[in-house]
Amino acid sequence: MIAVRGREALQMMRGAGERLGELFLQLSEVVHPGMTTLEIDSWIQAELRRKSMISQTKGYHGYRHVSCISLNDVLVHGVPSSRVVVKPGDIVKVDICAAWRGYCADAARTFFVGEVASVGKRLAEVAEASFNAGIKNALPGKRLFDISAAIQTTIESSGFGVVRDFCGHGIGRHMHEEPEIPNYGKPGAGPLLKEGMTFAIEPMLTEGDFQVFVDASDGWSVFTKDGGLTAHYENTVLVTANGPEVVTRVSGR
Ligand code: MF3
Ligand code: CO
């Protein structure tokens with residue numbers, strides 16, 4: 001069953017989203033060459049505390065960090081490490097899920113360090129564009145896979161690959177709730193969307209082939225099989241009578 005939330009719960013989701021969106025704006029001033037991904041995670045941990053937010057990833061199936069930081073050909077779930085140093089040319093994707101007053105927000109952003117390959121920038125642009133196309137369908141009366149299909153069409157018409165092994169998800173009191181939200185699918189299919197549903201929508205795309213694998217050495221990092229670059233963009237979205245409301249986007253970013 002997909003939860004339908006009332007006014008007060010939606011207010012908490014907005015509060016969580018605004019705080020997380022704000023954190024990402026601050027983070028853009030923090031990420032710089034020479035920093036390790038563990039240092040970035042530590043900064044995020046301190047900032048979440050200042051914002052009275054509780055990480056939803058620390059302790060999740062043994063995961064020990066408050067963010068996933070995925071570089072270049074790592075699509076998602078990169079594990080912050082003192083051995084991973086951010087350098088010019090890197091595409092750094094940071095994914096954070098945290099709760100405020102019992103409700104979660106989940107979002108991911110990309111940071112370019114120095115001059116990055118133009119295909120990397122293009123991937124990140126298409127990730128955001130596919131998200132925007134997808135949420136146009138996050139309306140009461142539409143079907144879930146209308147969102148999925150719009151994401152898929154945007155990505156594939158740009159010549160990039162749509163990852164099949166990971167999906168978006170419902171979100172609310174928990175980081176992962178029903179339904180699963182694939183980034184591919186048939187328009188007009190899937191569950192009926194209703195006012196008060198709350199989703200984490202997260203296109204994941206690849207420069208080349210869409211096949212990925214989980215690194216055996218850390219058990220988390222998801223790499224492309226062909227070594228191609230990747231993009232991931234995520235926001236928490238409310239389905240309202242007035243249209244989709246992106247709670248993790250502050251000042252349009
Ligand atoms: N925030 C991620 C998502 O978008 C989940 C991260 S799972 C972790 O669903 F445990 F690896 F952090
Ligand atoms: Co998510």
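Author: One cut-off comes first: a residue is called buried under 20% relative accessible area, exposed over 50%, and partly exposed in between. The model is predicted.

Reader: Is Asn-72 buried or exposed?

Author: Asn-72 sits in the loop between strand E2 (68-71) and strand E3 (74-76). Its phi is near 55 degrees, a positive value in a residue other than glycine. The cut-off for buried is under 20%. Asn-72 has a relative accessible area of 17%, so the residue is buried.

Reader: How does His-77 count by relative accessibility?

Author: His-77 lies in the loop between E3 and strand E4 (91-100). Phi of His-77 is near 60 degrees, again a positive value in a residue that is not glycine. With 23% relative accessibility, His-77 counts as partly exposed.

Reader: Which residues of the protein are donors of the cobalt ion (ligand 2)?

Author: Donors are N, O and S atoms within 2.8 Å of the metal. The protein donors lie 2.0 to 2.3 Å from the cobalt ion (ligand 2). Along the chain, the donors follow the spacing D-x62-H-x32-E-x31-E. They are Asp-106 (OD), His-169 (NE2), Glu-202 (OE) and Glu-234 (OE).

Reader: Why is the arrangement of the six donor atoms around the cobalt ion (ligand 2) irregular?

Author: Ideal angles for six octahedral donors are 90 or 180 degrees. To count as octahedral, six donors need opposite donors over 155 degrees apart and all others between 65 and 115. The arrangement around the cobalt ion (ligand 2) is irregular because the six donor atoms subtend angles of 51 to 174 degrees.

Reader: How many residues apart in sequence are the parts that Glu-202 and Glu-234 tie together?

Author: Both residues are donors of the cobalt ion (ligand 2). Glu-202 is in the loop between strand E9 (198-201) and strand E10 (204-206), and Glu-234 is in the loop between strand E13 (230-232) and strand E14 (235-240), so the pair ties together parts that are 32 residues apart in sequence.

Reader: What is the relative accessibility of Glu-234?

Author: Glu-202 is buried, with a relative accessible area of 7%. Glu-234 also counts as buried, and its relative accessibility is 0%.

Reader: How much of ligand 1 does the protein bury?

Author: Of the 13 residues around ligand 1, Glu-202 and Glu-234 are among those that come nearest. Polar side-chain atoms lie 3.2 Å from an oxygen atom of ligand 1 in Asp-106, and 3.0 Å from one in Glu-202. Taken alone, ligand 1 exposes 340 Å², and the share buried by the protein is 97%.

Reader: Which residue in E4 stands opposite Leu-71?

Author: In a regular strand the side chains alternate between the two faces of the sheet. In E2, Cys-68 and Ser-70 point one way and Ile-69 and Leu-71 the other way, and all are buried. E2 pairs with E4 in the antiparallel sense over four bridges. The residue opposite Leu-71 is Val-92.

Reader: What is the bridge partner of Val-162 in E10?

Author: An open sheet of three strands has the order E6-E10-E13, with antiparallel pairing. Its edge strands are strand E6 (161-162) and E13, each pairing on one side only. E6 and E10 run antiparallel and are joined by two bridges. In E10, the partner of Val-162 is Leu-205.

Definitions and conventions: Residues are numbered from 1 along each chain as its sequence is written. Chains are lettered from A and ligands numbered from 1 in the order in which they are written. This is a predicted model: local features need pLDDT of at least 70, side-chain atom pairs count only at pLDDT 80 or more; totals for chains, interfaces and linings use all residues. Side-chain values use heavy atoms; hydrogens and water are left out. Donors are N, O and S atoms within 2.8 Å of the metal (3.2 Å for Na, K and Ca); water is not among the atoms, so sites may look incomplete. Four donors count as tetrahedral if all angles lie between 85 and 135 degrees; four count as square planar and six as octahedral if opposite donors are over 155 degrees apart and all others between 65 and 115; anything else is irregular. Buried means under 20% relative accessible area, exposed over 50%, partly exposed in between (1.4 Å probe, protein chains only). A residue is near a molecule or strand if one of its heavy atoms lies within 4 Å of it. A polar contact is a pair of N or O atoms within 3.5 Å; within protein, one must be able to donate a hydrogen and the other to accept it, and residues adjacent in sequence count only if both atoms are side-chain atoms. Accessible areas come from the Shrake-Rupley method with a 1.4 Å probe; for residues, only the protein chains shown count as cover. Two strands pair if DSSP finds at least two bridges between them.
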